[in-house]
Amino acid sequence: MSEVPEQELNVAEWHVPQRMSVVTLAAGNVAELRDFYKALGWEELPSGSDDWVGFLVGGVVLALYPRAALSEETGAGMYGGGFTLAVNVDSPEQVDAAYEAALAMGAGAVAEPQPRRWGGRSAYFADPEGNRWEIAYNERVTFGERGEVVAFNEVDTEE
């Protein structure tokens, strides 16, 4: 269950923001897909690694993530072509609240809110047709005035 204390959670006050922040492709070979998109002339985000690659496309991040890792993270195995849609929020607490709001509106529970190995917090739910949505907080994401992703920054690990 979510880590937001029950007295602080009022689903009526929370909602899932009307935005799409990230489309994640489940990659069989991240390096090969990275090379393909770079060959198209797309600029890779500076925070990429061997396990995650991102490209900022029109205010949305196209992410490449290993199929096995994405299947494990979503908690229910992959399906179809292997992708997830994501809504990024402004705080870890909003992950929990938006997840609870989605469930209250009839979404299926896939993976409860939890800290992720990539440093953020996220949860997954399924829409009525089984499409997987992630609600995520990632301190690297910077939003514009309309909720669009305007930057995906590296995190300064030296303090």
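Author: Glu-44 touches Arg-34, Lys-38, Val-53, Gly-54 and Phe-55, leaving aside residues up to four places away in sequence; contact means heavy atoms within 4.5 Å. This is a predicted model, where local features need pLDDT of at least 70, side-chain atom pairs count only at pLDDT 80 or more, and totals for chains, interfaces and linings use all residues. Residues are numbered from 1 along each chain as its sequence is written, and side-chain values use heavy atoms, with hydrogens and water left out.

Reader: Where does Glu-44 sit, between which helix and which strand?

Author: Glu-44 is in the loop between helix H1 (30–39) and strand E2 (53–57). The protein chain has three helices and nine strands, in the order β-α-β-β-α-β-α-β-β-β-β-β.

Reader: What makes Glu-44 and Arg-34 a salt bridge?

Author: The rule asks for a side-chain nitrogen of Lys or Arg within 4 Å of a carboxyl oxygen of Asp or Glu. For Glu-44 and Arg-34 the closest N and O atoms are 3.0 Å apart, so the pair passes. The bridge links distant parts of the chain, from the loop between H1 and E2 to helix H1, 10 residues apart.

Reader: How do you know that the side chains of Glu-44 and Arg-34 also make a polar contact?

Author: Here the limit is 3.5 Å between two N or O atoms; within protein, one must be able to donate a hydrogen and the other to accept it, and sequence neighbours count only if both atoms are side-chain atoms. The contact joining Glu-44 and Arg-34 is 3.0 Å, so it falls within that limit.

Reader: And what makes Arg-34 buried, but Lys-38 partly exposed?

Author: Buried means under 20% relative accessible area, exposed over 50%, and partly exposed in between (1.4 Å probe, protein chains only). Arg-34 comes out at 15%, so it is buried. Lys-38 has 42%, so it is partly exposed. Lys-38 also has a salt bridge with Glu-44, at 3.7 Å from N to O.

Reader: How many salt bridges are there in total?

Author: Three. One of them joins Arg-121 and Asp-96, at 2.8 Å from N to O. That pair links distant parts of the chain, Arg-121 in strand E6 (residues 121–126) and Asp-96 in helix H3 (residues 92–104), 25 residues apart. Arg-121, at 8%, counts as buried, and Asp-96 does too, at 2%.

Reader: Why is the pair of Trp-52 and Phe-152 called stacked?

Author: Rings of Phe, Tyr and Trp (its six-membered ring) pair if their centres lie within 6.5 Å; planes under 30 degrees apart are stacked, over 60 edge-to-face, and the rest tilted. That rule gives five aromatic pairs. Trp-52 and Phe-152 have 5.0 Å centre to centre and 15° between the planes, so they are paired and stacked. The pair bridges distant parts of the chain: Trp-52 is in the loop between H1 and E2, Phe-152 in strand E9 (residues 149–152), 100 residues apart. Both Trp-52 and Phe-152 are buried.

Reader: Which residues form a cluster through ring pairs?

Author: Phe-36, Tyr-37, Trp-42 and Phe-55.

Reader: What makes a nonpolar surface patch out of Phe-36, Leu-40 and Trp-42?

Author: Patch residues need over 30% relative accessible area and no salt bridge; like charges are joined within 9 Å, nonpolar side chains (Val, Leu, Ile, Met, Phe, Trp, Tyr) within 5 Å. The patch comes to about 290 Å², with areas from the Shrake-Rupley method and a 1.4 Å probe, only the protein chains shown counting as cover for residues.

Reader: Why is Gly-119 called exposed?

Author: Its relative accessibility is 64%, so it is over the 50% mark. Gly-119 lies in the loop between strand E5 (108–115) and E6.

Reader: What share of the chain's residues is buried?

Author: Of the 159 residues in the protein chain, 44% are buried. In helix H2 (residues 67–74), those buried are Ala-69, Leu-70, Ser-71, Glu-73 and Thr-74.

Conventions
Helix = DSSP H or I, 4+ residues; strand = E, 2+ residues; numbered from the N terminus.
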